[in-house]
Amino acid sequence: ALLLFSHSAGQESLHKTFLNKRIKNCNKKIAQALVDRSTRIALQTKLPFFLFDEQLQHGNCFGERLANAMCDVFEKGFDKIIVIGNDCPSLSAGLIKEAAIKLNKNDVLLAPTAKGGVYLIGISRQHFEKSLFEKINWQTSAVFENMIQYAEEKNSSTYFFPCLNDINSYSDLVTSLSYLSYIDSFRVIVTGIIASFWDFIPNTCMSLRLQPVPAKESLRGPPVF
């Protein structure tokens, strides 16, 4: 099963500042574009799909809420789960489909972000231990390393995907947009949102509409075990 663990756009805009805090509607629209994109690619995979926003999440911290959501999906009868968030616009349906194939041959999948987080986790029921999972330092730059340690402690066979950028701030937004094609739907939507709030937007972000898309740099991924 595929689990999208995400805030609603309204809640996401309260936790993250993509652009000027004075223009809350702009931040909410960008958050909605991220949620919509993640939902769309999840549906494109044709995998059994579950969205857990704050209405369905329960627990006292991020780790508890995520672990509880995964338990809820496992209890529906699934033996393997792929977990994604809403903040990686470079994530594609094709990559998720590949993850589903790799998870048939591996116990754990890890896909790191450039800042030490993860944009995708895959795990089998046999290698999921709720208490250990909750203890990971979620929402920090130590998540990826913690997940490697988790997999080693569980003696799991682990497959690593390439590193991608996620979006948690204005600078992340600029970086991620610069790596997307001009015709990418998310870039088109976000640049349209930016244009509608033109007077409030920093020049560096406005200039994204004028800059050519740079060649993608090769990002070294971790070794495949």
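User: Which residues of α3 are buried?

Analyst: This is a predicted model, in which local features need pLDDT of at least 70, side-chain atom pairs count only at pLDDT 80 or more, and totals for chains, interfaces and linings use all residues. Residues are numbered from 1 along each chain as its sequence is written, and side-chain values use heavy atoms, with hydrogens and water left out. Helices (H or I, at least four residues) and strands (E, at least two) are DSSP runs, numbered from the N terminus. Taking buried as under 20% relative accessible area (1.4 Å probe, protein chains only), the buried residues of α3 are Gly63, Leu66, Ala67, Asn68, Ala69, Met70, Cys71, Val73 and Phe74.

User: Which residues of the largest nonpolar core touch the most other members?

Analyst: A nonpolar core is a set of buried Ala, Val, Leu, Ile, Met, Phe, Trp, Tyr and Cys residues joined through side-chain atoms within 4.5 Å. The largest such core has 29 residues, and those touching the most other members are Met70, Phe128, Phe133 and Met147.

User: Which element gives the most to this core?

Analyst: Elements that each supply at least two of its residues include β1 (2-5), β3 (80-84) and α6 (143-153). With seven residues, the element giving the most is α3.

User: With which residues is Asp53 in contact, leaving aside its neighbours within four places in sequence?

Analyst: Asp53 lies in the loop between β2 (49-52) and α3 (62-74). Counting heavy atoms within 4.5 Å as contact, Asp53 is in contact with Ser6, His7 and Ser8.

Note on methods
Buried < 20%, exposed > 50% of the residue type's maximum accessible area, 1.4 Å probe, protein only.
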